[in-house]
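Work through the exercises below with the model open. Each task is followed by a stepwise solution.

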Amino acid sequence: MKRSEIVDWATEVCEDLEFGAARQWISQEPGRRAAGYLPVYAPREIIRAAGMLPVGVHGGGDRLEIIRGDAFYQSYICHLPRSVVELAQSGRLDFLSAVLFPATCDVIRNLSGMWQLLYPKLYVRYLDLPQGGEPELATDFWRDELAVLARDLGEASGSAVGEAGLREAIGAYNTARSLIRELYRTRRDAPWSVPTEELYLLLRAGELVPLEEFVARVRGYLAAVEAEPGRVRDRARVVVAGSFCEQPPIGLIKTIERSGCFIVDDDFLLGNRMLDADVALDGDPLRNLAEAFVRHSVRNSTLYEPDPAGKQRLIRDRVAAARADGVIFASASFCDPALLDRPMLKAGAEAAGIPCIAFQFAENTGQFQQFREQAGTFADAIKLWGGA
Amino acid sequence: MAEDDKDRSMVLQKEMLAEHYRRLEAAPETREPVVYTFVPGNLTELIRSFGALPVLPEINALQSAMRGKSGAYIAAAERSGHSEDVCSYVKCDIGMLKAGNVSPTGTRLPKPDLLLLSYTGCYTFMKWFELLREEYQCPTVFLQVPYQGDGEQSPAMRAYVERQIRESLIPALEKVTGRRYDEDRLRENLKRSAAAEDDLVAVLQSARKTPSPIDAYFGAVYYVGPIFSAFRGTEEGLAYYRALREEVEGRAARGEGPATPAGRLDVQKYRLVVEGPPNWTHFREFWKMFAEEGAVVVASTYSKVGGTYDLGFRHDPADPLGTMADYCSGCYTNRNLPSRVDMLARYAEEYGADGFLIHSVKSCNSFSAGQLTILREVERRTGLPGSFIESDLVDPRYFSAANLKNRMESYFQMLEARRAGAGVVA
C-alpha cells in the first residue's frame with residue numbers, strides 16, 4: 001500500500017461528517033451497533049467487548065457550519081461542544097446507540113446531562129475517571145465503574161460483556177497502542193519522514209473505523225515510511241502541548257510544520273496514548289483496565305497531579321524525551337484544563353531554560369497567518385540563538 | 001444598606017466573620033493549624049474536630065469583590081500569565097496571594113498547613129489547588145467526590161468517598177495537626193450541624209409565604225454564609241441560625257418582606273426562581289435592579305452549592321464518615337443537569353413563582369455550560385417564562401449594568417403582560 005493512498009484514505013474518513021465508515025460497518029450485519037465517546041479517554045476495550053464499534057466524537061472542525069449548536073452555548077464556552085451538538089442536532093450522530101462522556105472538564109461533564117435531556121432514549125454515561133489519590137482506592141472505584149459500563153453496554157448492544165471478550169479487546173488495543181507508540185517513535189527519530197499532518201489524520205481516522213482496519217493501515221504506513229524515509233531536513237524540534245481535547249484544524253498543524261518546526265511530541269487525540277503501557281491480559285480484565293489507567297496514564301492537564309513537583313517537571317521531561325528544542329503551548333480558547341495548567345507548565349519550562357511560545361485556537365479557526373509568523377519567528381530564534 | 005437598616009443576623013455574621021479572620025491572622029502565633037478547602041464538599045466538622053481553622057478561597061474572592069478589590073487582583077494574575085478565559089475566582093485568589101495575602105477584612109491570611117482538595121462538582125478546584133500548592137509548597141490531600149452523572153449516588157461512590165476520608169484524609173489531618181482522630185468530637189460537631197441545617201431550611205422555606213420574608217438569592221447568600229464556610233458544626237453557627245430563624249419567622253408573622261438595597265420589600269410584584277451564582281462586584285446594584293421592580297427571589301440554586309438541605313439531607317452523627325460522603329455528593333453542582341432541571345421546576349411550583357431567571361457567569365463552566373438547555377427544559381416543564389442574563393463572579397469587566405437593566409426591565413414587562421392576560425411578548 002502506498003503512503004499517499006493511506007493518507008488519502010485517512011483524509012477521506014476524517015472529512016466525512018456523515019460518519020460513512022461507521023454507518024457502513026453497522027449496515028454490514030443486522031444488530032450491529034456503535035457507541036460514541038468524547039475526548040479525552042474512554043475505555044474502548046469495553047465498547048469492543050460489547051460487540052459495538054467505538055466512534056470518537058471530536059466535533060466537526062473547520063468543515064462544519066454551526067447553525068444550531070451556537071444556540072446551546074454562551075460565547076465564553078469553547079467551540080467543541082457546540083460543534084458536537086451541531087453534529088447531533090443535524091442527525092449526523094443518529095447511528096450511535098450510546099454516548100460516553102469522560103471526565104475531561106465541566107463542559108464535557110455537563111454535555112452528558114444535556115444529552116440525557118435531549119436524547120432520553122439513548123444510553124448516556126458520564127465516565128468519572130479516577131483522579132489521583134491512593135492508587136488502591138482509585139483502582140477499586142474505577143473497576144466498579146467499568147463493571148457498570150460493561151453491564152450497561154452489554155444490555156445496549158444485546159451482547160453481554162464477558163471475560164473472554166474483554167481479553168480479546170484488551171489484546172487488540174494493546175496491539176493498536178503499540179503501533180501508535182511506534183508511529184510516535186518514528187516521527188520523533190525522523191520527523192521529516194512522518195509529517196504530523198499525516199500522523200494526525202491516521203489517528204483520527206482510526207477512531208472512526210473498525211480497529212482491524214486502523215491497525216492494517218498503520219502497519220502499511222510504517223512500512224511505507226521505512227521504504228521511503230524521505231530527505232533529512234533540519235528544523236526546530238518542538239513539543240506542541242495543550243491540544244488534548246478540542247482539536248486544532250489540520251491547517252494549523254500544517255502551518256506549524258511549514259514554519260520551520262518539526263512537531264516531535266504532541267497532545268493531539270491523546271486518548272489514543274493515554275495508557276503508556278500494555279494492559280495485562282491475565283487475571284480480572286476489568287481490574288487490569290482499571291489498574292492500567294490509575295498507574296499508567298500519561299500525566300496531562302485533565303488529571304490531578306499528585307506529585308508536587310510534577311507540573312514543574314512535566315514539560316522538561318517531555319522535551320528531554322522528545323529531544324525537542326522548545327515548546328508551543330497551543331490550547332483551545334476557553335479550555336479550562338489547558339489554560340489553568342499553562343502558568344505552571346510554562347514556569348517549569350522557563351526554569352529549565354526551555355524556549356516556549358503560546359497561542360490559542362478554535363477547531364474552526366480559518367486564518368493561520370498569525371500562527372505562521374509566531375511559529376516561524378520561534379523556529380528562527382531557536383535555530384539562530386538557541387532560544388526564543 | 002445603611003448599618004442601622006441591616007438585620008440583626010447580618011450584623012452578627014459580620015462579627016463572626018471578623019473574629020474568624022482575626023483568629024486566622026493570629027494562627028502562626030496561636031499555632032492553630034490552618035486548612036484551605038472549598039465550599040462545595042467542605043468537611044468543616046472534621047477539620048474543626050482536629051482543632052484546625054478552615055479557609056475558603058471562594059469566600060475570600062467574593063468578599064474581595066464586594067469590597068472592590070478583585071479587579072486589581074485579577075489584573076495582577078493575568079499579568080503573571082493567567083489566561084483571560086479562566087475562572088476569575090482563581091485569578092482573584094492568586095492576585096490576593098501575590099499582593100501579600102491580606103484578607104478582605106484587612107487581616108493577614110496565614111499559609112495553609114494543608115490543602116484539602118475536595119473535588120466536588122467543579123473541575124477548576126483541582127487546578128486551583130495545584131496552583132496554590134506551587135505557591136505554598138504544603139501537603140495536599142485529594143478527595144475525589146464522584147459526580148452524580150446518573151442523578152444519584154451509588155453505594156460504590158459513597159464507599160469510595162468514605163474510604164478516602166478514612167484512609168487518606170484523616171491520617172493527613174492527624175499528621176499536620178498532631179492530634180488523634182476524635183470521633184466523639186466529630187459527632188458533636190455533626191449534631192450541631194444538623195440542628196443549624198433545620199433552622200436554615202426553615203428560613204429558606206419561609207419564602208413559600210406571601211409576601212416572602214426573605215430574598216432567597218441575594219439575601220440567602222448571607223443566610224448560607226456561615227453554614228457554607230467556617231461555622232458549620234460550631235456553637236457560633238448554631239446560635240446564628242437560631243437567631244436568623246427567629247428573625248425571619250418574626251418578619252413572616254408580621255407580613256414583612258426582606259431588607260434590600262432599595263428598602264424593605266413588603267410589596268412584592270414578582271416572585272422569581274433564580275439559577276446561577278450572583279455577581280459579586282456589583283452585588284448591591286444587581287440586587288437593586290430586582291428590588292426596585294418589586295421582584296423577590298423565592299428560591300435559588302446558588303444557595304444550595306454548599307449543601308442541598310432543603311431536599312432533606314441532614315448531617316447524621318450516627319454515621320460520621322458516611323454522612324460526610326452523602327453531603328459532598330449532594331451539593332448542587334455535583335448533580336447532573338436533569339437533576340438541576342428537576343430542582344428548578346420543583347422550586348417554581350412549590351414557591352409559587354411567576355418566572356425564573358438564569359444568571360450565567362463567564363467564570364464558572366460547572367454552572368454555566370448547559371444553562372441554555374436548562375432554560376428551555378424548565379420553560380417546557382413549568383410553562384413559566386424564563387430569562388437569561390450574563391455577567392461574571394468577581395471580574396468587574398464583565399458587569400454591564402445598562403445591558404442587564406434593559407434585559408431585566410423587558411423581562412418584568414413580559415411578566416406584567418402575561419399577568420394582564422396579554423400573552424407572551426417576544
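**Exercise 1.** Which residues touch the most other members of the largest nonpolar core?

Solution. This is a predicted model: local features need pLDDT of at least 70, side-chain atom pairs count only at pLDDT 80 or more, and totals for chains, interfaces and linings use all residues. Residues are numbered from 1 along each chain as its sequence is written, and chains are lettered from A and ligands numbered from 1 in the order in which they are written.

Step 1: define the core, a set of buried Ala, Val, Leu, Ile, Met, Phe, Trp, Tyr and Cys residues joined through C-beta atoms within 7 Å. Buried means that 20 or more other C-beta atoms lie within 10 Å of a residue's own, with C-beta atoms placed from the backbone.

Step 2: Of the 267 residues, they are A:Val238, A:Val327 and B:Val273.

Step 3: Leaving out residues up to four places away in sequence, A:Val238 touches, among others, A:Cys261, A:Ile263 and A:Val327.

**Exercise 2.** Describe the side of chain A that touches chain B.

Solution. Step 1: count contacts (C-beta atoms, placed from the backbone, within 7 Å). 42 residues of chain A meet 42 residues of chain B.

Step 1: assign elements, which are DSSP runs numbered from the N terminus (helices H or I, at least four residues; strands E, at least two). H5 (106–118), S4 (123–127), H6 (135–157) and H13 (336–351) of chain A each supply at least two residues. H5(A) gives the largest share, nine residues.

**Exercise 3.** Which elements of chain B pack against the buried residues of H12(B)?

Solution. Step 1: list the buried residues of H12(B): B:Phe286, B:Trp287, B:Met289, B:Phe290 and B:Ala291.

Step 1: find their partners, H9 (218–223), S5 (259–260), S8 (295–300) and H17 (401–419) of chain B.

Methods
Contact = placed C-beta atoms within 7 Å. Buried ≥ 20, exposed ≤ 12 C-beta atoms within 10 Å, placed from the backbone.
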